[in-house]
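Student: Could you take me through one part of this model in close detail, and show me how its surroundings fit together?

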Amino acid sequence: MIDLRRLHMLRLVHQYGTVTAAAEALRLTPSAVSHQLRELSRELKVPLLEPQGRKVRLTPAAHLLIEHTDELLAKWEETLADLESHRAGAAGPLRMCGFTTAIGGLVAPAAGALRREDPDLAIEIRECDTDVAVGLLAAGETDIAVIEPTPDAPPPGDPRFDREPLLEEPYDLLVPVGHPLAGRTGVRLEDAADEAWISVDPDVCAHRQQVMTYCAAAGFTPRFVHRANSFAVIWALVGNGLGVSLVPRLAGWPSGDVVRVPLTGATLPMRRVLTCVRRGSRGNPLIARGLRALRDAVPDRCTRAAA
C-alpha cells in the first residue's frame, strides 16, 4: 500500500522546487520529508530524486508518478466528500482564505451567516494573497480559497484545483466630497487624467498595477502622489482632498468625506473573483455549505456569476 501523504510530499517538492520549501509548507523538517520520499522510492523500487548541485531534481519516474498522483488525490478528495456525507452534524472546521477585500466583503459575511445557522460550526479564516492561498490549498491547509485569478495562480487547467466564477465587480472612481466630479452619475476614467492619484503600495498588492493598466487603456498615465497600505488609508487621503483613486466594489462602501462615482465608457474596469478548491472536494458537504454561503454573500453592487 502506498501512503498518499508521501505522494503529496512529492508533488509539493515538484511545486516548490526544493525539499526545504515543501517541508515549510507541510510544517515538517526537511529531513522528515527526505526520509518519507526515500521510503516512497524504496516502496516503488524507482529513484525519485537525484542530486543537482546542492539541490535535488525529480527523476523522469517521479514526473510520471506525479501525473498519476493528481488523479489519485482528486479521487481521494471525492472519497472524503462521500464519507463526509454520511456524517451527522459535521462540526468542521471549515477553513477559508482570501485576499483582503474578499475577506471583508465576502468571507466574513459568509462565515457570519454560517455561524448564525449553526453556532457550533468551527470556522477558520486566513487573509492572504492569491499565490499564498493557492499554496495553502495545495498543502491541505485550507478548504476554500477566494482568489483574484492571475496568469500564474493557479495556472489555467492545473489538475489539482477546481475553480468556479463567483462574481464580477466594477471599479469606481473615488473622489472627495465637493470635487467637480462628485456630483455626476457617471464619469469616464479619462476625466480624471489630470488628478493626483493614490494607490495601495505595490509591495502590498497589485492595486497600483491594475490602476495603471486601466488608465493606460483610457489613454493616459496616472500621476501617483501617495501610497497606502490599505483601502482604509486611501479613504482618509481622498477624503482630505489629497487625490483620487480607483477602487473595487468589495473594498467597502465608505461614507462621509468621500464619494464613489460610477465609471462609464466602452471598456469598464472590472475584476473577476473565483472560488478555488482542491479537485474532487467540491462535493464535500461542509465545503459545499461554505461555497453556497459565499454565493449568498455576494453584495448587490457586484454581479453574481451564473451558478
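Tutor: Let's start with R27, which sits in the loop between α2 and α3 (30–44). Keep in mind that this is a predicted model. With a relative accessibility of 64%, R27 counts as exposed, because the cut-off for that class is over 50%. The backbone is worth a look here too: R27 is not a glycine, yet its phi is positive, at about 60°. Most residues other than glycine have a negative phi.

Helix α1 covers residues 4–16, 13 residues in total. A run of residues in α1 is buried: R6, L7, H8, M9, L10, R11, L12 and V13. Just after α1 comes G17, which takes a positive phi of about 95°.

Take the packing on α2 (residues 19–26) next. The axes of α1 and α2 are 8 Å apart, and the packing angle is about 120°. Since the perpendicular class runs from 65 to 115 degrees and the antiparallel one begins over 145, the two helices are oblique to each other. The crossing of α1 past α2 is right-handed. On the α1 side, the contact is made by H8, M9, L12, V13 and Y16, and on the α2 side by V19, A21, A22, A25 and L26. By type, the residues of this contact comprise 9 nonpolar, 1 polar and no charged.

The packing on α3 comes next. Here the axes of α1 and α3 come within 9 Å and cross at roughly 115°, which makes α1 roughly perpendicular to α3. This crossing is left-handed. R6, L7, M9, L10 and V13 of α1 meet V33, Q36, L37, E39, L40 and E43 of α3. The residues of this contact divide into 7 nonpolar, 1 polar and 3 charged. M9 and V13 are on the list for the contact with α2, and both are also among the α1 residues that meet α3.

V187 is in strand β7 (residues 187–188), and at 1% relative accessibility it counts as buried. Leaving aside neighbours within four places in sequence, V187 is in contact with L173, L181, V261, P262, L263 and T264. The C-alpha atom of V187 is separated by 42 Å from that of R279, 92 residues apart along the chain.

V204 lies in the loop between β8 (196–200) and α7 (207–217). Its relative accessibility is 32%, so V204 counts as partly exposed. Not counting residues up to four places away in sequence, V204 touches D129 and N229. Between V204 and V187, which are 17 residues apart along the chain, the C-alpha separation is 28 Å.

Conventions:
Residues numbered from 1 in each chain as written. Predicted model: local features only at pLDDT ≥ 70, side-chain atom pairs only at ≥ 80, totals over all residues. Heavy atoms only, no water. Helix = DSSP H or I, 4+ residues; strand = E, 2+ residues; numbered from the N terminus. Expected span 1.5 Å × (residues − 1). Buried < 20%, exposed > 50% of the residue type's maximum accessible area, 1.4 Å probe, protein only. Axes fitted to C-alpha atoms, helices over the stretch in contact; angles between N-to-C directions. Parallel < 35°, antiparallel > 145°, perpendicular 65-115°, else oblique. Left-handed = near helix turned anticlockwise from the far one by under 90°. Contact = heavy atoms within 4.5 Å. Nonpolar A, V, L, I, M, F, W, Y, C, P; charged D, E, K, R; others polar.
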